[in-house]
Amino acid sequence: MENFWQTLRDIPRWFRPGLGIKRWFVFVTLGITLLGLGFAVIVIDLYRTDSSNPILLLLLSYASLRFIPRVWRALIFGGLGVGIVTYGIYQLNRSLLRPFIRPGSDVFDQLTDFRRRERGPRAVAIGGGHGLATLLRGLKMHTGNLTAVVTVADDGGSSGRLRESLGILPPGDIRNCLAALSNDEDMLTQLFQYRFSGSPDLDGHSFGNLFITALADITGSFEDAVVESGRVLSVNGRVLPSTLHDVKLVASVELLHSQNQIRVEGESKIPSVAGRVRRVWLEPDNASAFPPVIKAILNADVIVVGPGSLYTSLLPNLLVHDLLSSMQISRAIKIYVCNIATQPGETDSFTCADHIRALEDHIGEDLFDIILCNDNYNGEIGASKWVRVDDKTLLDSRVYCADLVDDGHPWRHDSVKLAQAVMDVFNERTGPLRERGV
């Protein structure tokens, strides 16, 4: 009985706006009402044709509560009907959805969360490495309309070995994004991120990389392998490679204590050269963007670039000409997330202004509407230095500062803080329009 009364107390929650419940409840109630009217017609006909039977008349009199005023009878029968229908529908749905409900939550909580994220903005996150995965892990709590665009210039570690030996696109960054977007970041995600050790052939390879590689061979295409991997992990959103071409990242690096510049080929080799990166480009430089990426960018409400390694994670995406062109004509709010800490070999001693300048030297000015920077410099970040918001940065009207630091790992962004800052910026820019339905 305690569970029954608790269910009845929870009934008003199901009639809150936006859940998509009330319309179907009215539909079911109408059907049951018509069924009740049909049954009432039969009872009335029985009453009229067999009115000489006193026992039947007595039973019908008590069953219809004729000793109570008619208004009260209508209220009693109507209230019981609504309660029984609601309780029955609730328990039916609970039984049907039991295999899909996460432990510790109920149908109402999951439905509310699903509807809220379903109405979330169409967001596109562009980047690579752990920075993009951090952003996705936070954004998936705010919207289900999420697309991750991932660089395919990686040539180091497990991804590089698979790329060199099998000729497929590097799966490493895509694997990280799939794991971050998974609705079940427990056993399956741990398995996907598991890295083998001890075997000469498998040492350093992650299970997810091998899984995506095997699916690419089975399905016949890398993009289909990514889609199937997302289904296995119950991914909340899409993960897309920025291009399907086999591109190589090349950099011009100015050596320390010298004005000479050398050419460095390969994303994994660029940070290891002692010098200052002056320019990066793709070879071939005419690689076309993956068509679904262009469509996602043109339909987006908000586009977020970063956080991540400036030269080896972010720019390899933006240097795909079709992708950059689609961003330039997109009406979405475009946000650049500046790194929290400098990256040795890439952005030593960089401030926020240096990051912005280096980015705009490659892709042009005024692409971004908002520059999102961290202003919390508490904590130890090891060999790196804080990327600070200096006076030059504050002169830029696009700059938006917030505490974005992960307290446990100060050199990284906190996924919850970062996603909330992105949503705050988006809501500030679009709130009045959205309320009017524009």
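**Helix packing and local backbone details**

Guide: The crossing of helix 6 with helix 8 is right-handed, and, as this is a predicted model, what follows describes the prediction. Two packed helices are described by the angle between their axes and the distance between the axes. For helix 6, which covers residues 129-139, and helix 8, which covers residues 172-181, the angle is about 20° and the axes are 8 Å apart. Because angles under 35 degrees count as roughly parallel, helix 6 is roughly parallel to helix 8. On the side of helix 6 the contact is made by G129, H130, L132, A133, L136 and R137, and on the side of helix 8 by D173, N176, C177, A180 and L181.

Helix 7 (residues 157-166) and helix 10 (residues 207-219) have axes that come within 10 Å and cross at roughly 25°, which makes helix 7 roughly parallel to helix 10. The crossing of helix 7 and helix 10 is right-handed, and its contact is formed by S158, S159, L162 and L166 from helix 7 together with N209, L210 and T213 from helix 10. Here the residues of the contact divide into 3 nonpolar and 4 polar, with no charged ones.

Turning to the backbone, most residues other than glycine have a negative phi, and most peptide bonds are trans. In the loop between helix 11 (222-232) and strand 3 (238-241) lies S234, which is not a glycine and yet has a positive phi of about 55°. The peptide bond from E283 to P284 is cis, its omega being near -5°, and P284 belongs to the loop between strand 6 (275-283) and helix 12 (291-298). Another cis peptide bond runs from G306 to P307, with omega near 0°, and P307 is placed in the loop that lies between strand 7 (302-305) and helix 13 (310-318).

Aromatic side chains complete this reading. The structure holds 4 aromatic pairs, and, apart from ring pairing, the charged end of R388 sits over the ring of Y377, at 4.5 Å from the centre of that ring.

How values were computed
Residues are numbered from 1 along each chain as its sequence is written. This is a predicted model: local features need pLDDT of at least 70, side-chain atom pairs count only at pLDDT 80 or more; totals for chains, interfaces and linings use all residues. Side-chain values use heavy atoms; hydrogens and water are left out. Rings of Phe, Tyr and Trp (its six-membered ring) pair if their centres lie within 6.5 Å; planes under 30 degrees apart count as stacked, over 60 as edge-to-face and the rest as tilted. A charge sits over a ring if NZ of Lys or CZ of Arg is within 6 Å of the ring centre and within 35 degrees of the ring normal. Axes are lines fitted to C-alpha atoms, for helices over the stretch in contact, and angles run from 0 to 180 degrees between N-to-C directions. Helices (H or I, at least four residues) and strands (E, at least two) are DSSP runs, numbered from the N terminus. Angles under 35 degrees count as roughly parallel, over 145 as roughly antiparallel, 65 to 115 as roughly perpendicular and the rest as oblique. A crossing is left-handed if the near helix is turned anticlockwise from the far one by less than a right angle, and right-handed if clockwise. Contact means heavy atoms within 4.5 Å. Ala, Val, Leu, Ile, Met, Phe, Trp, Tyr, Cys and Pro count as nonpolar, Asp, Glu, Lys and Arg as charged, and the others, Gly among them, as polar.
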